[in-house]
Amino acid sequence: LFLEQRSPAAMARSPKKLQVAVVPLLAVAALLRPLYTAEAWLVPRQLPGRPGPRSNLLHEGHSMASTPLGGTLLAASAGTLLTLFRPRRKLQKKVVAQAATQEEALGRFQEWLSARGGKLDNVEICFKDGLRGLVAARDIAEDETIVEIPIEASIDVSDESNRLGKDPSVIAMNLLKLMEENRAAEAGSPQDLSPYFDLLPGKDSEDMMRMPDFFSDEELKMLQCPDVYEKTLKRRNLCEAKAAEHSVSAGDLVWALCTTAQRVFSLLSPVDGLLRLMLPGIDLFNHDAHAQHRMKVAWNLEGYATANFKVVAGSPIKKGEEIRICYGGSPFRPDGCGGDCSGDIALTNPQYLQRYGFVDECFGTTMVDGKWLVTDAAASIRERLEETSIVQDEELLAGGSLSLAAQTAIQFRRHLKRALAAQQEADRQAAKAQANKTEAQKLAEKQQKEKEEEEARIKDANAAEAKKQLIQAMSANE
């Protein structure tokens, strides 16, 4: 945007709108020239009101307005000539075509899922704050089903040889095989999975660029987290070895590994044992650690074993409200985490980043991060986090020149520093309060804690024994 002051007499002779040449001396203009044309817009002294998002007139005292083609003007005072770079028509047509293609893809997916028994009537797929997700199509009451997907609509990437899931490349390879086999499927046939596969983010998408597996070595080091760095290198080496073994692209296998990490659900079937399933529709929910909505699995073992997967409202939802679920255990549930994790375990940000490619800065996850960061297991991470301060990290983020991966890395380490500082302060306050307690109070609290720990131990032992017996029973029937 260039701003040129003209005299009233000169402006009176100027047309309302004129084409002007791009200033060749400005490098930025030269870089933008393939995408933008330059136009000059005259700001009159008297501007009649003209409402609507496509208005190209600036109201007195306003600082911005839109051109008929969606460009934005930064206004000076009346009597000013503004030169605007706006998108070329070809680029705009391409963007519109891409949006239409995306709309068609979502429509095909919904038809495909409905034909397989999926129920998405209560939600709409939309983009909110740059993220694809689900919003309520109507008011939804507490305990009402939001989305329901039968097991027949799932995509099974399980592998008999990898029941314990120790090798994540196995289910990643299974996904690549399914996608290769699907190329031979007749379009629109029951075997055709392309309406779902077409919606999966590609290798060059932002979803993948935020996964540490796609970071450069330098960007990985910027995380200041040895744990994530080492695990990522281990996954890369695994993918390279398995790709060579199966004659596939290492890049494709890394993509498949990240996709299955983000989208595969693990569950124990009473018939087939541990299953690894992709659940189309349910994997469209975005994450919120504070979400109260929950997922339920209902098995029907009469005759042919079937199952339905439901997401049930944990609180009332208003029409148009985005619906999110918690990808890990709730950090607030007594049997979830609260710092001493057991049962449905809440995830830390290193886990969220490696599995899903994002940093969760909410209060609950900050609490979980803080309690983990002060443990002996996180000593090496605390040492690395001292390499830069929060202020230095914020200055880097404000610079605007970072790659998406580098930006994610710095947001990640800045959050860990904030979580650590908050936990250390909470521990100091707790120590002061503890010092002021009487011996009787301390003894009562100790006994209560020992009782709760024993109850948790018994609960975990019973769950482990039940799982063991189930697996033994299934093995005996085979």
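A salt bridge is counted here where a side-chain nitrogen of Lys or Arg lies within 4 Å of a carboxyl oxygen of Asp or Glu. Arginine 413 and aspartate 393 form such a pair, their closest N and O atoms being 2.9 Å apart. The model is a predicted one. Its protein chain contains 15 helices and 16 strands, and a search of the whole structure finds 20 salt bridges.

**Overall composition**

- Of the 478 residues in the protein chain, 40% are buried.
- The accessible surface of the protein chain amounts to about 26,900 Å², and carbon and sulfur atoms account for 53% of that surface.
- When contacts in the protein chain between residues at least 6 apart in sequence are considered, 64% of them join residues at least 24 apart.

**Salt bridges**

- The bridge between arginine 413 and aspartate 393, at 2.9 Å, links distant parts of the chain: arginine 413 belongs to helix H14 and aspartate 393 to helix H13 (residues 390-399), 20 residues apart.
- Both arginine 413 and aspartate 393 are buried.
- Aspartate 252 and lysine 203 meet through their side chains in a salt bridge of 2.8 Å, N to O.
- Because aspartate 252 lies in helix H9 and lysine 203 in the loop between helix H5 (194-197) and helix H6 (206-209), this pair ties together parts that are 49 residues apart in sequence.
- Aspartate 252 is partly exposed, with a relative accessible area of 31%, and lysine 203 is partly exposed at 33%.
- A further salt bridge brings together the side chains of glutamate 144 and arginine 138, at 2.2 Å, N to O.
- Glutamate 144 counts as partly exposed at 22% relative accessibility, and arginine 138 is partly exposed with a relative accessible area of 33%.

- Helix H10 (residues 349-356) is largely enclosed by the rest of the structure, because 6 of its 8 residues are buried.
- The buried residues in H10 are Asn349, Pro350, Tyr352, Leu353, Gln354 and Tyr356.
- The elements that cover these buried residues include helix H8 (226-246), helix H9 (250-263), strand E13 (286-287), helix H11 (363-373) and helix H14 (404-435).

**Positive phi at residues other than glycine**

- Glutamine 224 has a positive phi of about 55 degrees although it is not a glycine.
- Glutamine 224 is located in the loop between helix H7 (217-221) and H8.
- With a relative accessible area of 2%, glutamine 224 falls under the 20% limit and is therefore buried.
- Serine 247, likewise not a glycine, has a positive phi of about 60 degrees.
- Serine 247 occupies the loop between H8 and H9.
- The relative accessibility of serine 247 is 68%, which is over the 50% limit, so this residue counts as exposed.

**Surface charge**

- A patch of negative charge on the surface gathers Glu450, Glu452, Glu453 and Glu455.
- Within this patch, glutamate 452 is found in helix H15 (residues 439-477).
- Glutamate 452 is partly exposed, its relative accessible area being 45%.

Key. Residues are numbered from 1 along each chain as its sequence is written. This is a predicted model: local features need pLDDT of at least 70, side-chain atom pairs count only at pLDDT 80 or more; totals for chains, interfaces and linings use all residues. Side-chain values use heavy atoms; hydrogens and water are left out. Patches are made of residues with over 30% relative accessible area and no salt bridge: like charges are joined within 9 Å, nonpolar side chains (Val, Leu, Ile, Met, Phe, Trp, Tyr) within 5 Å. Accessible areas come from the Shrake-Rupley method with a 1.4 Å probe; for residues, only the protein chains shown count as cover. Lys and Arg count as positive and Asp and Glu as negative; His and the chain ends are not counted. The place of a charge is taken as NZ of Lys, CZ of Arg, CG of Asp or CD of Glu. Helices (H or I, at least four residues) and strands (E, at least two) are DSSP runs, numbered from the N terminus. Buried means under 20% relative accessible area, exposed over 50%, partly exposed in between (1.4 Å probe, protein chains only). Contact means heavy atoms within 4.5 Å.
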